[in-house]
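Subject: Structure handover

Hello,

Here is the structure we talked about. Please open it first, then read my notes below.

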Amino acid sequence: MNSTPVNRNVMAKKSVYGAAPETTPEAAHTLSILVDNTPGVLAKIVGLFSGRGYNIESLTVAETDHDQNLSRITIIAKGTQRIIDQIISQLDKQVPVHNVIDLTILGPHVARELALIKVSGQGEKRVEAMRTAEIFRAKVVDTTIDSLTFEATGTPEKIDALVEMMQPLGLSQISRTGIAALPRGNDKI
Amino acid sequence: MKDMKAVVEKAEKDTISEADLMTGADIMIKALKEQGVDTIFGYPGGAVLPLYDALFQQNDIKHILVRHEQAALHAAEGYARSTGKVGVALVTSGPGATNAVTGLTDAMMDSIPVVCICGQVPSFLIGTDAFQEADTTGITRHCTKHNYLVKDVSRLAEMTHRAFHIARTGRPGPVVIDLPKDVQFASGTYTTAQDVEYRSYRPHLEADDHAIAKLVEILAQAKKPVFYTGGGIINAGDRASELLTKFISDTNIPITSTLMGLGAFPANKSQWLGMLGMHGTYEANLAMHDCDVLVCIGARFDDRVTGNVSGFSPNSFKIHIDVDPSSINKNIEVDLGIVADATSALEKISAAWTKQKAKLNDPAMQLWWQQIDKWRQVNCLEYTNSDSVIKPQYALERLQAHLGARDDVYITTEVGQHQMWAAQFIPFNRPNRWMTSGGLGTMGYGLPAAIGAQIAHPDALVIDIAGEASIQMNIQELSTAAQYRLPVKVFILNNQWMGMVRQWQELLHGERYSQSYSEALPDFVKLADAYGGLGIVVDHPDQLDDAITQMIESDKFTILDVRVDPKENCFPMIPSGKNHNEMILSADAKQFDKKLV
Ligand SMILES: Cc1cc2nc3c(=O)[nH]c(=O)nc-3n(C[C@H](O)[C@H](O)[C@H](O)COP(=O)(O)OP(=O)(O)OC[C@H]3O[C@@H](n4cnc5c(N)ncnc54)[C@H](O)[C@@H]3O)c2cc1C
Ligand SMILES: Cc1ncc(C[n+]2csc(CCOP(=O)(O)OP(=O)(O)O)c2C)c(N)n1
């Protein structure tokens with residue numbers, strides 16, 4: 001487990017994806033779900049979470065294999081191990097689902113997220129924002145006289161940290177993609 | 001390679017002759033025939049007119065016209081549960097589809113294989129709030145095992161085959177095919193079932209040999225084993241019941257079953273403890289509580305069965321065999337979970353038991369049976385009979401006496417006290433003879449389900465054991481029974497109350513009987529007469545036998561209105577959230593602390 005399980009404290013406080021209030025000690029798991037790209041598949045999966053009262057912290061979906069008509073859905077879900085196991089078997093039994101992998105359990109995986117972060121301000125704050133962005137290897141993708149928009153990629157923790165740093169520097173808007181994740185090495189799922 | 005294949009396919013497609021083309025409606029009928037469908041329960045409407053037109057022009061598939069779409073689904077369920085085949089329903093768009101939702105949910109909860117074809121507005125009108133448009137795939141997404149919206153006529157046959165395959169395999173369930181009207185008119189080509197490939201849907205059926213070996217090893221060491229089986233045995237088919245019966249008879253292990261599994265193991269065998277759970281027997285529930293090895297096959301640890309989960313079978317090693325991985329560890333954490341079809345698992349258990357030369361410890365088993373016999377002596381189903389008032393339990397005992405050892409009896413129920421009494425007082429010795437709404441608990445299920453069972457078994461005796469409140473929820477189906485001359489029997493335990501609700505109000509809500517009185521009841525004799533059947537009413541125990549004989553012999557649909565004691569309660573009862581060993585027996589009902597909850 002030298003991979004990067006999501007730091008939930010930061011997520012809970014700062015995530016714009018609406019972290020749920022924590023009651024019992026739970027862990028966030030990154031689930032990678034390979035599905036047939038058919039109409040309604042996303043609704044089915046998201047509905048399963050709401051219908052059974054599970055929490056989604058992050059959700060990413062896109063077609064990954066056009067010929068085979070497959071999409072990959074990456075979900076960060078939070079729960080006790082028993083709930084996570086239940087979520088996985090509920091997902092796995094859906095007809096369009098090919099497989100579900102719990103990357104957090106599987107071990108080493110890479111997880112990346114892209115964020116667009118807008119900072120409004122002038123003068124010293126603006127300079128400081130540029131400097132901070134540089135440390136995080138975020139690039140400027142848009143600028144006006146009194147605003148800067150940065151593009152940052154990295155682990156969700158890195159994005160969380162950047163967001164935190166930008167807060168006092170005039171952070172005004174954020175858009176995050178949710179994570180994309182794959183196991184490391186040659187493992188295929 | 002791929003490109004070549006595509007080119008060839010395209011060339012083939014281009015050379016399809018006119019003769020290969022069929023309308024969507026004809027494709028659907030052909031696919032249904034290929035799936036072996038002989039009966040459809042349905043109700044017509046604008047969006048399914050082309051399909052009805054195609055039905056009109058053929059003779060292989062019989063269409064049974066119900067009087068409400070909910071009933072089409074329940075009839076299909078009754079047909080499915082009494083035959084082991086897939087039940088089929090056909091409804092129109094909009095209100096037809098929304099009326100079907102309760103039946104679909106019922107089939108989902110009880111794992112009943114059903115395919116429901118819904119008409120839909122023409123595909124070019126979808127999303128425009130067109131006349132009788134409903135988002136059927138959206139509405140039914142979570143109450144079906146799967147659903148399809150068919151937009152391309154050339155995929156219609158394929159999707160129909162898929163629907164049947166998905167409905168009947170793995171953990172069975174309802175599948176909806178949403179079929180726009182223009183697709184029913186369009187012409188396309190047919191695909192046979194064997195050409196359909198399943199990429200992602202492959203239920204795991206084969207039991208793991210190591211796990212089975214472990215099961216046998218642990219079971220052989222048990223001193224107080226118990227089998228707890230459920231609807232999954234019935235889903236798995238006759239063979240599973242036979243294997244179970246043989247294994248239990250050979251090993252002499254006590255066995256109990258859920259409401260949904262009744263009949264999978266014969267009630268006339270000595271190992272049978274009766275049903276378990278909220279209204280289960282004393283011996284079954286205490287055996288569950290005290291056992292040291294619990295083998296659950298095809299049951300899902302429903303809360304009506306477990307009671308308080310933290311006090312559920314506290315000292316046992318728990319083994320759970322289920323075809324649906326998500327059933328395992330859902331409500332109760334088990335020590336050994338095996339994902340498998342019940343037939344495969346039971347075959348392997350029997351083989352491994354012999355191969356491993358497993359044998360239970362005789363003295364321990366003797367002690368265990370002695371203990372169980374003590375519990376049996378409590379005689380938990382005992383009730384105080386009366387000379388002047390018909391006790392519902394007595395009515396069922398008389399009914400059972402008339403059924404005797406008849407082999408061609410199918411019982412359905414509505415929902416409430418009468419359902420529980422039926423489960424307690426009518427023994428089932430074979431699978432597929434008992435049809436009840438367990439998971440959803442749908443009042444109004446019994447009459448249409450009886451119609452479905454009677455259609456499948458025209459010469460059998462089919463009886464809906466009903467309450468006077470439930471029966472009114474699909475009473476219009478008497479007209480269906482009349483139209484097809486179905487001699488279904490409706491045996492109403494008429495206590496003039498929504499008895500199950502009244503019982504909870506008496507015991508748990510300070511005897512405040514809020515809205516549970518069955519006010520303004522119809523005259524069921526006249527009602528039966530009005531629909532063209534036979535109606536009988538009895539209100540004295542002495543009249544029961546004659547009336548039951550008359551009902552059984554009647555060749556028309558018959559309502560027997562049995563006026564029973566309005567205040568009788570159904571015991572034993574484990575109040576919600578209590579442990580199995582905290583059950584209340586009828587004898588000490590008076591001492592029941594009504595301020596408990
Ligand atoms: C008023 C009322 C009172 C009730 N009281 C009781 C009560 O006292 N006792 C009671 O038992 N129930 C009671 N019920 C019913 C209860 O609500 C549940 O419906 C029932 O207990 C579930 O039965 P089951 O566990 O056999 O599961 P089912 O719903 O029949 O599910 C079948 C299980 O088997 C699995 N399965 C399916 N096919 C296969 C296969 N081929 N191989 C292996 N596994 C398979 C499925 O995945 C599922 O887990 C009551 C219902 C009502 C309405
Ligand atoms: C459609 C539906 N609505 C409400 C209920 C709640 N409910 C469960 S049992 C019951 C009373 C049933 O009364 P009756 O049919 O007379 O049977 P009895 O309990 O008296 O035998 C009710 C209202 C239900 N199960 N289904």
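Start with ligand 1. Of the 37 residues around ligand 1, the nearest are Gly231(B), Thr258(B), Arg300(B), Asp322(B) and Asp341(B). Here, "around" means that a residue has a heavy atom within 4 Å of the ligand.

Before going on, note that this is a predicted model, where local features need pLDDT of at least 70, side-chain atom pairs count only at pLDDT 80 or more, and totals for chains, interfaces and linings use all residues. Residues are numbered from 1 along each chain as its sequence is written, chains are lettered from A and ligands numbered from 1 in the order in which they are written, and side-chain values use heavy atoms, with hydrogens and water left out.

Now the polar contacts (pairs of N or O atoms within 3.5 Å). A polar backbone atom of Gly231(B) is 2.8 Å from an oxygen atom of ligand 1. For Asp322(B), an N or O atom in the side chain is 2.5 Å from an oxygen atom of the ligand. A nitrogen atom of ligand 1 lies 2.6 Å from a polar side-chain atom of Asp341(B). On its own, ligand 1 has 990 Å² of accessible area, and the protein covers 97% of that. Those areas come from the Shrake-Rupley method with a 1.4 Å probe.

Which helix gives the most to the shell around ligand 1? H10(B) does, with 4 residues. Helices are DSSP runs of H or I with at least four residues, strands are runs of E with at least two, and both are numbered from the N terminus. By class, the shell has 15 nonpolar, 15 polar and 7 charged residues. Charged means Asp, Glu, Lys and Arg; Ala, Val, Leu, Ile, Met, Phe, Trp, Tyr, Cys and Pro are nonpolar; the others, Gly among them, are polar.

Next, the sheets. One open sheet of 6 strands in chain B has the order S3-S2-S4-S5-S7-S6, with parallel pairing. Two strands pair if DSSP finds at least two bridges between them. S3 (62-65) and S6 (146-149) of chain B each have a single partner strand, so one side of each is left without a neighbour in the sheet. S6(B) and S7(B) pair over 4 bridges. Asn147(B) has Val176(B) as its bridge partner in S7(B).

Another open sheet of 6 strands in chain B runs S11-S10-S9-S12-S13-S14, also with parallel pairing. Its edge strands are S11 (272-275) and S14 (336-339) of chain B. In S11(B), Met275(B) is the bridge partner of Ser257(B).

Best wishes

Key. Polar contact = N/O pair within 3.5 Å; in protein donor to acceptor, adjacent residues only side chain to side chain.
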